[in-house]
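Dear colleague,

Please read it with the model open beside you.

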Amino acid sequence: MKVKQNIQVLIKMIGIVVISSIVLVGLLCLVYKLPRNRMVEHVIESDNTIRLQNDDYNMSISNFYDTYDTDTNIIMLLEAIAPDFNGSLQDALLCPSGAYLENQWGDWADTLMNYANDAQGDLSYVNYARYWHGYLVFLKPLLMFMNVQDIYYLHAMLMVFLTGWIFCLLYKRLGKYCIAYAVTIIAMNPVAIAQSFQLSTIYYAMQLTLLLLLYCKKEKQIPYIFLIDGMLVAFFDFLTYPLVAFAIPVLTYYLLYREDGFLQNVKKIVGKGVSFLIGYAGLWFMKWIWATAFTHENILRDGWINVLRRTGTGDNFGDNQYGMAIGPMAALRINFHAFVGWTTVLLGVIFLVGVIAYMLYKKQKPIFQKITVLISFLVACSPILWYVVVNNHASLHPHLEWREWVVSVFAACVLVLSLLREKTDERISV
């Protein structure tokens, strides 16, 4: 009976993914019909802002923590102001933009401004069809009314509002564990996120998933929340730090609905992981299908080739030219070094001193919730698996991928906080 129910849920989820993909293609078509003149004007207006943030020549292992990834922000702006090349449907599926690769080793801010100022010229372009580029649903309309700096201000205010809202909800439902959330947000370097389109996508996917979890009243609805989470990541993200959007909400889910029995809790978490993967891989695959079916390009082939490339199991297409070691150990090493600096060490020290001071003040002895400790430890190790699997991408993009380690920060904080006794712990045997 349970197998039959699971099959029905699976079929329902696949149907949701397929229907959602059609709706999302329609949304992208709509924003590609928007007039671009005001968008171009606001991008030109933003020249100084973009150049002040330009970190093309300032990216080394010592300061990956503080980079904005200006190059990818410029790609996003180039896509937003691209003229009508092939009609709204094909443009929505192929996502053409100015040919930034022609100036790969130059200043991409110059490429963007030259492209914006030559809006009526004979422009060369490239397609970037294997991603959804769903951020354009918001970026294009915003650029009609605001320049880049104004969008950053709006983005920062929304970040503060969401963070405060979720912190209060977590305090109400999970008490002490809201501290783990606060430490994690700080560890993500929100100042850089607030000034980068590229770094924002996973932040919002994580926050929206946490909101849905915290307002959900029925546990049977949770698999669909993680399905939505996976689709949000596939639609908006550029493969930045997607593990964060799943792992932090899934550990929060465990804290909300934990049960006696280690295997039972692991089974529930794995089930939510399957839901996330159906949404993530399923929606991504649908983009490849629609783009291959309705354009002149074989995006199914391109997508699969790049999956093999980014996992280090296929042709690396000359990635060695960047002068960086590529492989599982290289990915682990460079991302760990990028993450661990004085900021994260100081944050960890303050957190631990605070916990110890609290226990001494309350004269508490630590309680040992063994299942919570084990679950937290497993979640804390998940970034290692991520770096091994996508080692090519993680080796070449530590300025993005180091944020996967904040999963370990959140899990470690949960583990330590589980040692503190609260009234709610009296009824918890895990």
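V340 counts as partly exposed, because its relative accessibility is 35%, a value that falls between the 20% under which a residue is buried and the 50% over which a residue is exposed. Please bear in mind here, and in everything that follows, that this is a predicted model. V340 is placed in the loop between helix 16 (328-339) and helix 17, and together with F336, V345, V349 and V353 it forms a nonpolar patch on the surface, for which the accessible area of these residues comes to about 400 Å² together. Helix 17, which spans residues 342-362, contributes the largest share of that nonpolar patch, namely three residues.

Turning to the aromatic side chains, the count comes to 24 aromatic pairs. One of them joins Y135 and F238, whose ring centres lie 5.6 Å apart and whose planes meet at 40 degrees, so the pair is classed as tilted. Y135 and F238 are both buried. Another pair is made by Y203 and Y204, where the ring centres are 5.3 Å apart and the planes stand at 80 degrees, so that this pair is edge-to-face; Y203 and Y204 are, again, both buried.

Two lysines are also placed over aromatic rings. The charged end of K140 sits over the ring of Y32, at 4.6 Å from its centre, and K287 lies over the face of W132, where the distance to the ring centre is 5.8 Å.

Finally, the cysteines. A disulfide is a covalent bond between the sulfur atoms of two cysteines, and in this model the count of disulfides comes to zero. C178, for example, takes part in no disulfide, and the nearest cysteine sulfur, which belongs to C168, is 8.7 Å away, whereas a disulfide would need the two sulfur atoms within 2.5 Å. C178 counts as buried because its relative accessibility is 4%, and C413, at 5% relative accessibility, therefore counts as buried too.

With best regards

Note on methods: Residues numbered from 1 in each chain as written. Predicted model: local features only at pLDDT ≥ 70, side-chain atom pairs only at ≥ 80, totals over all residues. Heavy atoms only, no water. Patch = residues over 30% accessible without salt bridge, like charges linked within 9 Å, V, L, I, M, F, W, Y side chains within 5 Å. Areas by Shrake-Rupley, 256 points an atom, 1.4 Å probe, with all protein chains shown as cover. Salt bridge = Lys/Arg side-chain N within 4 Å of Asp/Glu carboxyl O. Helix = DSSP H or I, 4+ residues; strand = E, 2+ residues; numbered from the N terminus. Buried < 20%, exposed > 50% of the residue type's maximum accessible area, 1.4 Å probe, protein only. Phe/Tyr/Trp six-rings, centres within 6.5 Å; stacked < 30°, edge-to-face > 60°. Lys NZ or Arg CZ within 6 Å of the ring centre and 35° of its normal.
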